[in-house]
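Here is a short note for a colleague who is meeting this structure for the first time. Please read the points below beside the sequence and the model.

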Amino acid sequence: MTQAPKGKTPAKAPFPASKASAKKAPKNPLLEKRSRNFGIGQDIQPKRNLSRYVKWPKYVQLQRQKKILSMRLKVPPQLAQFQNTLDKNTATELFKLLNAHRPETKQDKKERLSKIAAAKADGKEAEQTPKPQHVKFGLNHVVSLIENKKAQLVVIAHDVDPIELVVYLPALCRKMGVPYCIVKGKARLGTVVHMKTAAALAITEVSGAAKDDLAKIVSAVNANFGDKYEEHRRHWGGGIMGFKSQRATEKKQRAADAAIKI
């Protein structure tokens, strides 16, 4: 075998001959390949998710920044307890009970008073109706019901703003021995009492058929909130960093562990 001259690389071996058996499938003349060019002034760009480039309204920016801050910063237990809300099944049963005891609307009240006024005008005695058993609302009213121990159950919204309006209610309910729970959505509570939002509701009386349902809900509520009050009082919230920060912390920890092993 002859060697290549010194200082020169030998020529590469030729490619192996293609096998005669491996033939390309014939192209269909009806199916024409149309490659697209996405350069400037060329084909139309594909649809992309541009939500991160949108200039959102100021209130949207603020509520998103507030959510991120509440995750990053350490949150005191008094505020962190509002992140522990009632589970879905119990909340469904609770709102069934609340909706069964909704207060009358303005239209219903107007019709009732009109009937009473018409009866008095005719010289008849107004029909005596039983005392309505409905949900009580209004923050001052709810607080007075708790202080007088007339409330059988207090329902607090988790997203009241400013939170100082309701931050004292769990401690007050515990001091007075009134069952309480925290549910998602002040707007959801508002629909029960024909309002846009409601910070807190109180149940004082229920119809005879609903007493068993109320007792079941109160026992579940006590297990989730009343019995765990001391635990919630010591538990801080927040302190959850972002994805990049978590990965960077893990990388530093791995480097520290490796240095210790050496």
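1. The residues lining the largest pocket divide into 12 nonpolar, seven polar and eight charged, where Ala, Val, Leu, Ile, Met, Phe, Trp, Tyr, Cys and Pro count as nonpolar, Asp, Glu, Lys and Arg as charged, and the others, Gly among them, as polar.

2. This is a predicted model, in which local features need pLDDT of at least 70 and side-chain atom pairs count only at pLDDT 80 or more, while totals for chains, interfaces and linings use all residues. Residues are numbered from 1 along each chain as its sequence is written, and side-chain values use heavy atoms, with hydrogens and water left out.

3. The largest pocket has a volume of about 1000 Å³; a pocket is an open set of points on a 1 Å grid over the protein atoms alone, where a 1.4 Å probe fits, with protein on both sides within 12 Å along at least five of seven lines, and lining residues have an atom within 4 Å of a point. Of its 27 lining residues, K66, K67, S70, Q83 and H158 are the closest to the centre.

4. The second largest pocket holds about 210 Å³ of space, and its lining consists of P103, E104, T105, K106, K109, F137, V193, H194 and M195, which divide into four nonpolar, two polar and three charged.

5. In a contact (heavy atoms within 4.5 Å), L139, V143, I146 and E147 of helix 5 meet L169, L172, C173 and M176 of helix 6. The residues of this contact divide into seven nonpolar, no polar and one charged.

Methods. Points joined across faces, edges and corners; volume = space filled by probe spheres on them. Helix = DSSP H or I, 4+ residues; strand = E, 2+ residues; numbered from the N terminus.
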